[in-house]
Each structure stands twice: as C-alpha cells, then as structure tokens.
Amino acid sequence: MRRWLEVESGVVSGEPSIGQPGGQPIDWWVMRAGDLHRFISLLKSEFDEVIGPVAVDGVIRLRPIESADDLPTGFTEQQETGSYRLLETGTSLRFSYGLGPDSLKSIVHPPRSPVWTMRRHDGTLIVDQALHGTTTRAVIGARACDLRALDILERTQTGGQHTDPAFAVHRQGLFLVAIDCSHPAPTCFCDTGGDGPVADHGYDIAITELDHPNGIVYLVRVGTDHGRSLIESLHLAPAPRTFLEHRDHQHRSISREFIRELPKDAAKVVRLADHPHWNDVAERCLTCGNCTAVCPTCFCTDMDDIVGLDGETATRTRVWDTCFSMEYSHLGPGPHRTSPAARYRQWLSHKLGTWHDQFGESGCVGCGRCITWCPVGIDLTAEVESLGRPVEANA
Ligand code: SF4
Ligand code: SF4
C-alpha cells in the first residue's frame, strides 16, 4: 500500500499559500529547462520505462520518451464536441495543452492483455498462466482527473474480493509525475465532475509549468517519500514566494475557464429509464464505443481465444470491450440490449448512476474525452441536462 505525504493543504515559509487553506508545511522547488532534462535522465536511470506526452500523428499521446526533447514543446490544441486539432504556438511551453485521448488506463489496464496459453504435451494439456512483467514505469503528465480515475479503476480492479493480478502488477510499478492543467479544454468539466484542474493527491511528484515574466519555470512539489528522495537528489533551488503567488494567480484564472458542468442531479436523472430523451440520443449515437475506449474509468473486457490450426496450442487474451457492442449483452437467447437507446442508456446510467451503488462514487471524473472523441459530438453534460428537464420541455 502506498503512503501519500500530507502535503497539499499547506503553507509556504510559515504563511498561508494563496488560494489554499492553511495546514502542513509544503516544500516547493524550482526546475529550469536544464533541470527538467536532468530530471528525466534520473527517471530513465531509475525506471525501466519513462512515458510522457508526445506529439504524434496530430495528437498528444502518452508514449515512451528518451529525454525532455521528446516532450511536445510549443504545442497546444483546440478541442470541441467531436473535434481535436493540434496547433503550434511557437512558445517554449511543454505542457500547455489539454488532455489527449490516452489516460493511465492504457498502462495499468492495457487494451490487450495475455491471460494464458495452452499446449499439448505427451497427451496432456498444459496451461501456462501469463506472467505480467514487473516493468517499472514513470509516467510524466498525469492530470488531476486521471489520478482520480486511477483511484476509481483501482477500486474496481483490486478493491473487491476478486482482484485482477495484471492490474495490481502494473499499478505497483507505476511512479506518477502529475502536471497541473494550465490550458483545460472546453470539453473538460473536472471542477464539477472530478478533482481538477490542480493535482491534490495520488502523485509521487507534481509539477506546475509557470509562464513567468522572467521565463518558463517548473514548480515542483512531492507526494511520496520516493518522490521526495528523487527531487532532493537533484539539489533544486527552493521556490521563491513570488513564483508561488504567480502559480496561485494562474490557477485562479484557469478556474474561470470551465464552461461545462455536470448537473447536480445527474445520478438521479440517468435512472429515468423510460425518458424519451434516450431515443433522441440514439438517433445520433453510432454505438461505435469511442467514448468507452477513451474513458479513463471504463474497464469492461472480453476474452479472445485463438486455437492454433494444428490443434496443438491455444491462447486466451483479454481485450477491451464496450457496452455499446451488441454482443456485450449476449446472454443465452441472444443480446438483450438490442437498440442503440438501450446501449447508450446502459453506459450513461452506469457511469453516472449505478456506479455510486457499486463503488460509492461516480464513474465520471469530468475529463471530457468522451465529448471530444465522439465522432458525432454527443456531449454527456448536455444529455444529462436534457434528461433532467420535464418531458414536455424535450418535445
Ligand atoms: S456516444 Fe459517441 S462515441 Fe459513444 S458510442 Fe455513441 S457515437 Fe460512439
Ligand atoms: S464519462 Fe466522459 S467525461 Fe466522464 S470520465 Fe469518462 S470520458 Fe471522462
């Protein structure tokens, strides 16, 4: 079990930090661009793999990186319902963009995961359980909503009586470097649906990129003993108070940028099973499952069995599935969620409603990915708002 340091609700130099309640002391350090290179080199020497944001194929993805040069310097993006466009800014900022399609889910709960292989040997069948490598990974760029989503995923995968060993191994080897959001996308609503835009728990190290008049700096704080030992080995300078004030000002400005919100009665209205608005959404929904693929908390899977043509070997692989697929609800006589309306209702009513009954909280962290990556621009905040209106108002 990890131990998080109680650091976020703190004070700086004995005085309350602007925008945060008083509490425990916080240590803040300053990284310059050169220090960032040293930091990533240190991570490379400490972990088997370092993963970070990379501009690839017109999108910011999470990919293995070799150095700070791989980070997407001078990029931002435009996101809206059903659209994402990467733009060059010409600045030296490295983290001034909103979320891409990848979340931590693809690392701890990969799209394809081996389960077992089977082979014949001397007339008997031998089953070899898949071994899940103990690769250690540092991930740079986790956002506040993704840290919350990881908590939620952890509860679903390892919080009950039956735990997923693959998830547990991947999670165990994860070292998280959070980046506070400086440019949330208009599709985000983490301030009402989750924990963002500033990371306040679940990280080993957290970084705020500061576009300061004197140049770009990275303010660093730690969340675990492991994070502290790495940062202390870099011998960084402590952050002056003016930088912290600038950070608080930056965060206050960001908080004013959110334009979407999840209605407060979401958990209730998504249970209105007979509401006619489900049919309205179904007329637009392609049931493609993009929303479940990019959602950082959707975890449903299927098993893919392949038998060798020689009849001597077989493999079982766990693959992501989606409740938007007709086959997903296949019971004895056949699929029982045959209409797009039933499948969209299943997704939204579980995510925002019955997830509370199962796991004690919502399954949505307000990352907005399902809004950006829905090819027809379906926006769950707008759909929930419609479900909350009296039926005649939707007519
Ligand atoms: S809501 Fe959008 S992304 Fe999700 S299944 Fe329907 S069309 Fe695809
Ligand atoms: S339902 Fe949409 S906004 Fe909520 S966590 Fe999933 S992808 Fe993000």
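Which residue follows α6 with a positive phi? In this predicted model, that residue is His 235, whose phi is near 55°. The tour begins with the helix before it and then moves to the sheet.

**Helix α6.** Select residues 225-233, which make up α6, and colour Gly 227, Leu 230 and Ile 231, the buried residues of this helix. Now look down the axis of α6: the buried residues fall within an arc of 95°, so they line one face of the helix. An α-helix has 3.6 residues a turn, so residues three or four places apart point the same way.

**Neighbours of α6.** Display β3 (29-31), α1 (33-46), β12 (205-212) and β13 (215-222); the buried residues of α6 pack against these elements.

**The sheet.** Show the eight strands of the open sheet and trace them in the order β5-β4-β10-β11-β12-β13-β3-β14, where the pairing is mixed. Select β5 (59-64) and β14 (237-238), which stand at the edges; each has a single partner strand, so one side of each is left without a neighbour in the sheet.

**From β3 to β14.** Focus on these two strands, which run antiparallel and are joined by two bridges. Select Trp 29 and then Pro 238, the bridge partner of Trp 29 in β14.

**Helix α7.** Finally, select residues 241-255, which form α7. This helix packs on the sheet and touches β3, β12 and β13. Compare the direction of α7 with that of β12: the two make an angle of about 90°.

How values were computed: Residues are numbered from 1 along each chain as its sequence is written. Chains are lettered from A and ligands numbered from 1 in the order in which they are written. This is a predicted model: local features need pLDDT of at least 70, side-chain atom pairs count only at pLDDT 80 or more; totals for chains, interfaces and linings use all residues. A residue is buried if 20 or more other C-beta atoms lie within 10 Å of its own, exposed if 12 or fewer, and partly exposed in between; C-beta atoms are placed from the backbone. Helices (H or I, at least four residues) and strands (E, at least two) are DSSP runs, numbered from the N terminus. The arc is that of the directions from the helix axis to the C-beta atoms. Two residues are in contact if their C-beta atoms, placed from the backbone, lie within 7 Å. Two strands pair if DSSP finds at least two bridges between them. Axes are lines fitted to C-alpha atoms, for helices over the stretch in contact, and angles run from 0 to 180 degrees between N-to-C directions.
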